[in-house]
Amino acid sequence: MTAARRARPGGTSSPFLPGEPGSWGPLSDSDDLPALAAAVREAAGMVIRRVRYESGSPLTWSQSALLSELYRRGKATASELADDQGLRVQTVWASLETMEERGLVVRERAADDRRRVRARLTELGHQELVEDRRTRDQWLVTVLAEDFTVEELEILTDALGLLVRLADSSLASRPRPAS
């Protein structure tokens, strides 16, 4: 790794270590891209884990993601949800069962094909999703307002488009989990 380094207190620099806060300098060559990729992945994971922790939500990451997907879709099969979320079908079934026991989703057999089971949000599931999002967003709002400068907020705003583009990239196919 060449230029992808973070500044240490006292002005020395060392390679970025995932999990350590720091700032990146300009990239000088493609050898820095694997380190940058690891840092982006690690930073995104840190933000997601911290927001989930601070929310105190009883929902697991996968349950929250599944509720969000059901909100977007209306109804979906476990296979569709697994494919969209990069999860195994068995994991989705287990999460749906837990959420059904809590009254957050219902599973219904399709009238035209009794083998096909679709899940949908209940009113309680919708309320739980809205409250979960509100709590998580409120924590983020508080941190952004108290810990970030106007210039840093502008940088974050500019970076959002790049992060969405990265998430939406169709360049590399991800391996599909075994069903």
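Mentor: At 19% relative accessibility, Glu 128 counts as buried; that class means under 20% relative accessible area, with exposed over 50% and partly exposed in between (1.4 Å probe, protein chains only). The model is predicted, with pLDDT of at least 70 needed for local features and 80 or more for side-chain atom pairs, while totals for chains, interfaces and linings use all residues. Numbering starts from 1 along each chain as its sequence is written, and side-chain values use heavy atoms, leaving out hydrogens and water.

The side chain of Glu 128 meets that of Arg 102 in a salt bridge of 3.1 Å, N to O. The term requires a side-chain nitrogen of Lys or Arg within 4 Å of a carboxyl oxygen of Asp or Glu. Glu 128 belongs to helix α5 and Arg 102 to the loop between α4 (89–101) and β4, so the pair ties together parts 26 residues apart in sequence. Helices (H or I, at least four residues) and strands (E, at least two) are DSSP runs numbered from the N terminus. Arg 102 is partly exposed, at 34%.

Thr 122 lies in the loop between β5 (117–121) and α5 (123–147). Thr 122 is buried too, with a relative accessible area of 16%. Leaving aside residues up to four places away in sequence, Thr 122 touches Gly 103, Leu 104, Val 105 and Val 106, where a contact means heavy atoms within 4.5 Å.

By the salt-bridge rule the count comes to 16. One of them joins Glu 100 and Arg 107 at 2.8 Å, N to O; Glu 100 is partly exposed at 29%, and Arg 107 is partly exposed at 24%. Another joins Arg 116 and Glu 80 at 3.5 Å, N to O. Arg 116 sits in the loop between β4 (105–109) and β5 and Glu 80 in helix α3 (residues 78–85), so this pair ties together parts 36 residues apart in sequence. Both residues also belong to a network of salt bridges that includes Glu 69, Arg 72, Arg 73, Asp 84 and Arg 118. Arg 116 is partly exposed, at 35%.

Of its 179 residues, 26% count as buried. Among contacts with a separation of 6 or more, 47% are between residues 24 or more positions apart.
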